[in-house]
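Have the sequence and the 3D view ready.

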Amino acid sequence: MTRASLDKQPHEVAAMFDDVAAKYDLTNDVLSLGQARAWRRAVAEAVAAGPGDLVLDLGAGTGTSSLPFREAGANVVPCDFSVGMLTEGKRRHPELPLTAGDATRLPFADASFDAVTISFALRNVHDTGLALSELYRVTKPGGRVVICEFSTPTWTPLRTVYTEYLMRALPPVATRVSSNPDAYVYLAESIRAWPDQPALAALLQQAGWSRVAWRNLTGGIVALHRGTKEDDTRDSGAALD
């Protein structure tokens, strides 16, 4: 079994997700105590895709996160660099145009998409700034980005409990439900090392996104960041809570 390290070498991360593809969605539901589905709904509402929109769902894994966009009448391109995830996704959702691609070198032309989104995958990219710049490049002027990622709980007692859960409870639970429990040790470590809400907002601004803001979900365990592609505009990040 493969476990990636926190330097996030692409071949290690891809191999790790190949290992967990078959049970990935089930494991996420269990480990998130059922919150994963609510988080996906929040992403779909924030993207607000409609008929005729072209949406890039980066880090789409098996394609589960892409289904709400398709149901809304949008055209969605699920993209991931784990062949194992894409293979499992094609088995489950043959109607989806699953596409192999690296977040730091997206295989799409400039200004291709009305909206771009990435959920729980940006944390696994070895160069966050480059990935955000690539998302900016492939977005049409006036288009939007939505990022859903684990973050920093805003209430100190919750932050303490959450940290204890990550490092003590998550690995044993993963042992029961995942095909690669070591991958979830990496998950816990990568969440702890990830930038907090203002720091990620700053990275979005540095990549060129304007009107950057975020909304905390589940007390800040997850944060939903948003931005817009506008010419020569740099707005300050602001919390929406």
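## Starting inside

Met-16 is buried, at 2% relative accessibility (buried means under 20% relative accessible area, exposed over 50% and partly exposed in between, with a 1.4 Å probe and protein chains only). Met-16 belongs to helix H1; helices (H or I, at least four residues) and strands (E, at least two) are DSSP runs, numbered from the N terminus. Met-16 and Asn-180 are 164 residues apart in sequence, while their C-alpha atoms are 8.0 Å apart in space.

This is a predicted model, in which local features need pLDDT of at least 70 and side-chain atom pairs count only at pLDDT 80 or more, whereas totals for chains, interfaces and linings use all residues. Residues are numbered from 1 along each chain as its sequence is written, and side-chain values use heavy atoms, with hydrogens and water left out.

## The nonpolar cores

Which residues touch the most other members of the largest nonpolar core? They are Trp-39, Val-47, Val-55, Phe-150 and Val-222, in a core of 39 residues. A nonpolar core here is a set of buried Ala, Val, Leu, Ile, Met, Phe, Trp, Tyr and Cys residues joined through side-chain atoms within 4.5 Å. Elements giving two or more residues to this core include helix H1 (10-20), helix H3 (35-47), helix H7 (156-177), strand S5 (139-150) and strand S7 (222-228). Apart from this core lies another, of 28 residues, among them Ile-118, Val-138, Val-145 and Trp-214. In soluble globular proteins, nonpolar side chains tend to be buried together.

Leaving aside neighbours within four places in sequence, Val-47 is in contact (heavy atoms within 4.5 Å) with Val-55, Phe-69, Ala-115, Thr-117, Arg-144 and Val-146.

Strand S6 (residues 210-217) is largely enclosed by the rest of the structure, because 6 of its 8 residues are buried. S6 and S7 pair in the antiparallel sense over 6 bridges; two strands pair if DSSP finds at least two bridges between them. Ala-213 stands opposite Arg-226 in S7. The hairpin of S6 and S7 has 4 residues between the strands, and Thr-218 takes a positive phi near 50° there.

Is Gln-197 buried or exposed? Gln-197 counts as buried, at 5% relative accessibility, and its place is in helix H9 (residues 197-206). Its side chain makes a polar contact of 2.8 Å with that of Asn-216. A polar contact is a pair of N or O atoms within 3.5 Å; within protein, one must be able to donate a hydrogen and the other to accept it, and residues adjacent in sequence count only if both atoms are side-chain atoms. Beyond four places in sequence, the contacts of Gln-197 include Trp-214, Gly-220 and His-225.

## Positions from the record

An unreviewed UniProt entry lists Thr-62, Asp-80, Asp-102, Ala-103 and Ser-119 under "binding site". Asp-80 lies in strand S2 (residues 75-80) and is buried, with a relative accessible area of 9%. A polar atom of the Asp-80 side chain is 2.9 Å from the backbone nitrogen of Ser-82.

Ser-119 is found in strand S4 (residues 113-119) and counts as buried at 17% relative accessibility.

Key. UniProt positions renumbered as here; feature names shortened; annotations may be inferred.
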